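Subject: Handover of a model, with notes

Dear colleague,

I am passing a structure on to you, together with the notes I made while going through it. Please look at it yourself before you read on.

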Amino acid sequence: PQIKPQPVIRQLDEAAINRIAAGEVVERPASAVKELVENAVDAGATRIEVVIADGGKTLIRVTDNGCGIASNDLPLALSRHATSKIDGSDLLNIHSFGFRGEALPSLGAVGRLTITSRAQGQDAAVISVDGGRMSAVKPAAVTAGTIVELRDLFYATPARLKFLRTDRAENQAITDVVKRLSMAEPFVTFILRDVSGGDSRTVFRTDSETGDLFDALHGRLRSVLGRDFAENALAIDAERDGFHLTGYAALPTYSRGAAVAQFLFVNGRPVRDRMLLGALRAAYMDVLSRDRHPVAALFVDCEPELVDVNVHPAKSEVRFRDPGAVRGLIVSGLRHALAGAGHRASTTVAG
Ligand code: ADP
Ligand code: MG
């Protein structure tokens, strides 16, 4: 019988490692937009502009007015597992979107990436990376904040390029990502522009809200989900076992034929979590027929150690220390609000 020759074990080089990691982190243009907008939010930006062309396939440019990156740190920002957001000793205590230090090196491995930035009190500088090869840092002209430009996503990985959908479908996914992120950040202005074919078209824009968080959130949801939602939504505010539930949930009369308008956030992070969606469904069980779906934007907040967000780099899954408590909080918090509204509705009719 033939014996397989002993293979040689080799250490992969950084470019290959980044390209493999990119497969996990960057599935499509919308995942790149998500990573870049999250970085802008983490940088404390109050204005974030996303410019795309051709479904994000040829151009994604995110401009923010956040803290910027010191020119000395630019090569580090493009290095794997380099992050300013955690020190590695406390993975249970994460307050930012980012912490893996994977997004920028991954994007630089599968596209042409240029970062222009200016940190306070520093000179502006630019660095670029193309197919994994990094340029030197050069002086640049930018007043404050950061511009990250990603061109020709996946040109270095043609297999991935082939699996992208139409520009229209990719645009839709990008719009969805920007809208979702904007819901959790009412004090930040978000702008999404499409410059395909040389035209400039505003796809989405929501301006920073003022007032306290609850008012700002209501304003933001009105802006993103529409006036009808805002006018049919009940304010939710409940607490249990260290978990805080806030947000707005629509009256049963303002339901949808599909579960397309359910926005859930954990510590400000958009998630699509089966347990949370199930809890939302359960809360409306008695007041909605089976073919109708509630509309809601709900925010679960807790100390970082009560939830593990370290489940998957790109997937929006979370793991709660005590899922039963979170489920109970959502079901009881929403039922309480719905019951209160029912009571008000009937007294109005009687009066
Ligand atoms: P992570 O977000 O997990 O730290 P990234 O690869 O996304 O990893 O970014 C690496 C580092 O680059 C960040 O930790 C941060 O210090 C810096 N950075 C990235 N984007 C921005 C930005 N828009 N503004 C300021 N700093 C940024
Ligand atoms: Mg990041």
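Residues are numbered from 1 along each chain as its sequence is written, and chains are lettered from A and ligands numbered from 1 in the order in which they are written.

The average pLDDT of the protein is 91, and 95% of the residues score at least 70; pLDDT is the predictor's confidence in each residue, from 0 to 100. Over residues 343–351, however, the pLDDT is below 50, and this stretch has zero contacts in the model beyond near neighbours in sequence, a contact being two residues whose C-beta atoms, placed from the backbone, lie within 7 Å. Where pLDDT is low, the predicted coordinates should not be read in detail. The model scores are ipTM 0.99 and pTM 0.92.

Ligand 1 is surrounded by 21 residues, of which Ala43, Thr83, Ser84, Gly98 and Ala103 are the closest; a residue counts as near a molecule if its C-beta atom, placed from the backbone, lies within 6 Å of it. By class, this shell holds eight nonpolar, eight polar and five charged residues, where Ala, Val, Leu, Ile, Met, Phe, Trp, Tyr, Cys and Pro count as nonpolar, Asp, Glu, Lys and Arg as charged, and the others, Gly among them, as polar. At least two residues of the shell come from each of α2 (29–42) and α4 (103–110), and α2 gives the most, with three residues. Helices here are DSSP runs of H or I with at least four residues, strands are runs of E with at least two, and both are numbered from the N terminus.

Helix α7 (residues 213–225) has 13 residues, which at 1.5 Å a residue should span 18 Å, and its end C-alpha atoms are 17 Å apart, which agrees; the expected span is 1.5 Å times one less than the number of residues. In α7, Leu217, Arg220, Leu221, Ser223, Val224 and Leu225 are buried, and they cover an arc of only 165° around the axis, which puts them on the same side of α7. The arc is that of the directions from the helix axis to the C-beta atoms, and a residue is buried if 20 or more other C-beta atoms, placed from the backbone, lie within 10 Å of its own, exposed if 12 or fewer, and partly exposed in between. The buried residues of α7 pack against α6 (167–183), β9 (201–206), α8 (227–231), β11 (243–250) and β14 (296–301). After α7 comes glycine 226, whose phi is positive, near 105°.

In helix α9 (residues 274–283), the residues Leu276, Ala279, Leu280 and Ala283 are buried. They cover an arc of only 100° around the axis, which puts them on the same side of α9.

Most residues other than glycine have a negative phi, and most peptide bonds are trans. Histidine 81, in the loop between α3 (74–77) and α4, has a positive phi of about 55° although it is not a glycine, and with 10 C-beta neighbours inside 10 Å it counts as exposed. Aspartate 152, in the loop between β7 (145–151) and α5 (158–162), also has a positive phi of about 55° without being a glycine, but with 17 C-beta neighbours inside 10 Å it counts as partly exposed.

Threonine 146, in strand β7, is buried, with 25 other C-beta atoms within 10 Å. Leaving aside neighbours within four places in sequence, threonine 146 is in contact with Ala43, Asp64, Gly66, Gly68, Ile69, Ile115 and Ser117. The C-alpha atoms of threonine 146 and threonine 116 are separated by 5.8 Å, although the two are 30 residues apart along the chain.

Valine 137 lies in the loop between β5 (133–134) and β6 (138–139) and is partly exposed, with 16 other C-beta atoms within 10 Å. Not counting residues up to four places away in sequence, valine 137 touches Ser71, Leu74, Pro75, Ala125 and Ile127.

With best regards

Key: Predicted model: local features only at pLDDT ≥ 70, side-chain atom pairs only at ≥ 80, totals over all residues.
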